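My plan is to look up a few things and write down what I find.

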Amino acid sequence: MAGRCPECGGLTFPAEGACGMCYDCVDFARVELPREGVVEAATVIGQGGAPPEFISQQDRDGPYAVAVVRFTLDGADVTLPMQVTDCDPDHVEVGDAVRATVRRVYTDEGIPRYGAKVTPTE
């Protein structure tokens with residue numbers, strides 16, 4: 001879910017604080033983003049570069065891709081940093097089409113935490 005600004009129509013994620021387009025502090029209308037997006041920037045997180053909650057995943061699976069993904073809704077864009085799954089991390093490139101999906105992100109104190117990740121659509 002993102003927020004649509006009632007002043008300028010821009011999208012902001014998370015839907016809190018000031019609008020990322022016009023910088024007004026507003027009460028955002030909650031909108032569901034489309035599942036399809038486009039990679040705007042990408043990198044590979046190698047050994048030792050993972051945040052603490054992703055160390056066990058990195059130990060198990062090795063390096064993983066992270067991307068800034070652009071989602072477009074009614075002509076407005078918002079970008080989110082997201083982990084890219086189900087692919088060779090070295091082959092994630094700017095311009096790749098991806099689809100958001102709910103996945104287990106990590107386990108904290110024995111409790112699985114879920115969130116969105118993206119997978120290539122091609």
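**Entry 1: the largest pocket**

I began with the largest pocket and found 22 residues lining it. Phe 13, Leu 80, Met 82, Ala 116 and Lys 117 lie nearest its centre. I noted that the model is a predicted one. Next I asked which elements give two or more residues to the lining of the largest pocket. They are β5 (64-73), β6 (76-84), β7 (97-108) and β8 (111-120). The space in this pocket comes to about 540 Å³. I then sorted the lining by class: 17 residues are nonpolar, two are polar and three are charged.

**Entry 2: Lys 117**

I picked Lys 117 from the residues nearest the pocket centre. I placed Lys 117 in strand β8. Is Lys 117 buried or exposed? Its relative accessible area is 7%, under the 20% cut-off, so Lys 117 is buried.

**Entry 3: the chain as a whole**

I stepped back to take in the fold. I counted one helix and eight strands. Read from the N terminus, the order is β-β-β-β-α-β-β-β-β. The C-alpha atoms fill a box of roughly 45 × 35 × 20 Å along the principal axes. The chain has 122 residues, and 34% of them are buried. I also looked at contacts between residues at least 6 apart in sequence. Of these, 45% join residues at least 24 apart.

**Entry 4: Arg 4**

I went to strand β1 (residues 2-4), where Arg 4 sits. Arg 4 has 18% relative accessibility, which is under 20%, so I logged it as buried. What does the side chain of Arg 4 reach at 3.5 Å? I found the backbone oxygen of Leu 73 there. I set aside neighbours within four places in sequence and listed the contacts of Arg 4. Among them are Gly 9, Gly 10, Leu 11, Phe 28, Ala 29 and Val 31. Leu 73, Asp 74 and Ala 76 are also in contact with Arg 4.

**Entry 5: salt bridges**

How many salt bridges are there? I got five.

Asp 74 pairs with Arg 4, with the closest N and O atoms 3.6 Å apart. Asp 74 is in the loop between β5 and β6, Arg 4 is in strand β1, and the two are 70 residues apart. Asp 74 has 69% relative accessibility and counts as exposed, whereas Arg 4 is buried at 18%.

Arg 99 pairs with Glu 36, and here the closest N and O atoms are 2.0 Å apart. Arg 99 lies in strand β7 and Glu 36 in strand β4 (residues 36-45), so this pair ties together parts 63 residues apart in sequence. I logged Arg 99 as partly exposed at 38% relative accessibility. Glu 36 is partly exposed too, with a relative accessible area of 43%.

Arg 70 and Glu 40 meet through their side chains, N to O at 2.8 Å. Arg 70 is in strand β5 and Glu 40 in strand β4, 30 residues apart. Arg 70 is partly exposed at 26%, and Glu 40 is partly exposed at 35%.

Last, I went through the backbone. Which two residues does a cis peptide bond join? They are Phe 13 and Pro 14, with omega at about -5 degrees. Pro 14 lies in the loop between β2 (11-12) and β3 (29-31). Phe 13 was already on my page, among the residues nearest the centre of the largest pocket.

I then noted positive phi values. Tyr 23 is not a glycine, yet its phi is about 70 degrees. Tyr 23 is in the loop between β2 and β3, and at 63% relative accessibility it counts as exposed. Asp 86 is not a glycine either, and its phi is about 60 degrees. Asp 86 is in the loop between β6 and β7. Its relative accessibility is 58%, over the 50% cut-off, so Asp 86 counts as exposed.

Technical notes
Residues are numbered from 1 along each chain as its sequence is written. This is a predicted model: local features need pLDDT of at least 70, side-chain atom pairs count only at pLDDT 80 or more; totals for chains, interfaces and linings use all residues. Side-chain values use heavy atoms; hydrogens and water are left out. On a 1 Å grid over the protein atoms alone, a cavity is a set of points where a 1.4 Å probe fits but cannot get out, and a pocket is an open set with protein on both sides within 12 Å along at least five of seven lines; lining residues have an atom within 4 Å of a point. Grid points are joined across faces, edges and corners, and a volume is the space filled by probe spheres set on the points. Helices (H or I, at least four residues) and strands (E, at least two) are DSSP runs, numbered from the N terminus. Ala, Val, Leu, Ile, Met, Phe, Trp, Tyr, Cys and Pro count as nonpolar, Asp, Glu, Lys and Arg as charged, and the others, Gly among them, as polar. Buried means under 20% relative accessible area, exposed over 50%, partly exposed in between (1.4 Å probe, protein chains only). A polar contact is a pair of N or O atoms within 3.5 Å; within protein, one must be able to donate a hydrogen and the other to accept it, and residues adjacent in sequence count only if both atoms are side-chain atoms. Contact means heavy atoms within 4.5 Å. A salt bridge is a side-chain nitrogen of Lys or Arg within 4 Å of a carboxyl oxygen of Asp or Glu.
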